[in-house]
Every structure is written in structure tokens, then in C-alpha cells.
Amino acid sequence: MTASGALLIDSGDLPSLVAATIESRPQELVIYHPRGSDAPAAHREAMAAEHAAVLGTGRLIVDPQPSPDAIPTAAIQGPEVQGLREACLLTRAALAAVQLHCCRLVWPKAVGPEAGPVGLAVQRASMVADLADLHARTTAAERVVIDLPLVDLTDTQLVDLAEDAGAPMRSFGPCDGDGAEPCRRCEGCRRWLAAFDAAGVPWPWAAITAQGRG
């Protein structure tokens, strides 16, 4: 079978939403959600499902195994561990892409314009792509290309792009908690509040927050 379409790693966050929104053929997109086990995991999964519904893809794949980020590593921390986690995530997503006959894997990783972090992300993607290519050479599978459309963007640029693309802004989970609405106090909320403010784009939950204060 000839591979076609794309598989998008969707963590229910803003980069995932932006990457899904700017796809030229969203009807051919498969949303792949790596299931988590932390407090906001259920909300992030709901956001990934909403992305699939809004885009009309009709295809949501939730990995039954926990995301590598959900594996406790209290005794081992650092950028090396994060790199291994990302490599594991990409490898599982590449396997899903092969099984679903998708020729492209979209990784909505955004690290900003600095050459070092961009280079590391591209290197990890290239490593996994080489593994997938080796599989393709020894089987009848098509080659899977890993695409990083947002890799050099800042948080503020992501918000700008989301606004320009007409993304449904409330369809992502900025919060590190498990509430239905962002708390505005956690690290995740502060990060995205700052990005929306810098971009001059209204916070999507501003009206709800105002009602709560009233």
C-alpha cells in the first residue's frame, strides 16, 4: 500500500494546535496523542480529541502506553534524559506512522531561534527518521519523513501564528493543574500568559477569569 497523509504528535498544547491548524490537508491528518499520567493528562487528551474534531480529521489515535514524560525519573534528571524521552516518543510515533501508512510525521517541537536547541531537535528527528528508513529498506513500507514546522519559533511567535491561522484559541491546555479552566498561577499558565501578552492577543479565558473574580 502506498503511504499518504501525515501523523501529528498532539500533546493537547498550543504548538500541537498550531501545527494541526496550518496543515494544508487536515482531512488526511492522523492525530496521535501520547497518553500521560500526570494531573492534566485527561484534559490534554480531551484537547487532542477536540483538535481532531475541529479539523474534521475523524482520526484520533491515543497511545495506550504512557508517554515517556510520564515515567518517574526522580533520581535521573537533566537534558540528556529529556533527549531520550523525546527520542522514545518519536520512535513510537514513527512506528504508528508506518503502521497507518502515513508518509510524514509532524513533530510540533518549538525551541526558539537559537542554533543549539534547534540543532538538537533536528538531530533527534534525523536519528529516528534513519531508523524508520532502515525499516523501509528491509520491508515493503514507505519511508517516513519527520517534519518540524515550528522548531525555530518562540512562544510569542506561536501565539501570533495561531491568531493569524484562525486557530480556536481555547482548544489547548496551558495549565499544569487538573482544573477545567487555567489557574493562571502555575508555570504553564504564566508561560502562556506572558506569550499572549507579548503578542498582543487576548487571553482566551479572560472573560471566565473576570467572572470568577466577580
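Leaving aside neighbours within four places in sequence, Ala96 is in contact with Leu7 and Tyr32, where contact means heavy atoms within 4.5 Å. Ala96 belongs to helix H3, which covers residues 79-99; helices (H or I, at least four residues) and strands (E, at least two) are DSSP runs, numbered from the N terminus. Ala96 counts as buried because its relative accessibility is 10%, the term buried meaning under 20% relative accessible area, exposed over 50% and partly exposed in between (1.4 Å probe, protein chains only). Ala96 and Tyr32 lie 64 residues apart along the chain, yet their C-alpha atoms are separated by 8.2 Å.

The model is predicted, so local features need pLDDT of at least 70 and side-chain atom pairs count only at pLDDT 80 or more, while totals for chains, interfaces and linings use all residues. Residues are numbered from 1 along each chain as its sequence is written, and side-chain values use heavy atoms, with hydrogens and water left out.

Tyr32 leads on to strand S2. Both faces of S2 are covered, with Leu29, Ile31 and His33 buried on one side and Val30, Tyr32 and Pro34 buried on the other. In a regular strand the side chains alternate between the two faces of the sheet. S2 is joined to S1 by four bridges, and the two strands run parallel; strands are taken to pair if DSSP finds at least two bridges between them. In this pairing Leu7 stands opposite Val30 of S2. Four bridges also join S2 to strand S3 (residues 60-63), again in parallel, and here Ile31 stands opposite Leu60 of S3. Together, S1, H1 and S2 form a right-handed β-α-β unit, a crossover being right-handed if, with the strands pointing away from the viewer, the path from the first strand over the helix to the second runs clockwise.

The nonpolar cores come next. A nonpolar core is a set of buried Ala, Val, Leu, Ile, Met, Phe, Trp, Tyr and Cys residues joined through side-chain atoms within 4.5 Å. The largest has 28 residues, and those with the most contacts inside it are Leu8, Leu14, Val159, Phe172, Trp192 and Phe196. Two or more residues of this core come from each of strand S1 (6-9), helix H1 (14-21), strand S2 (29-34), helix H2 (41-55), helix H5 (155-165) and helix H6 (187-199). A second, separate core of 24 residues includes Leu7, Val30, Leu90 and Val144. Not counting residues up to four places away in sequence, Leu8 touches Ser16, Ala19, Ala20, Leu29, Val30, Ile31, Tyr32, Val106 and Pro108.

Over the whole protein chain there are seven helices and five strands, following the pattern β-α-β-α-β-α-β-α-β-α-α-α along the sequence. Of the 214 residues, 43% are buried. Among contacts with a separation of 6 or more, 69% link residues 24 or more positions apart.

Confidence is expressed as pLDDT, the predictor's value for each residue from 0 to 100. The protein chain has a mean pLDDT of 85, with 83% of its residues reaching 70 or more. Among its elements, H5 has the highest mean pLDDT (97) and helix H7 (residues 206-213) the lowest (53). Over residues 209-214 the pLDDT is below 50, and this stretch has two contacts in the model beyond near neighbours in sequence. Residues 72-76 likewise stay under 50, with three contacts beyond four places in sequence.
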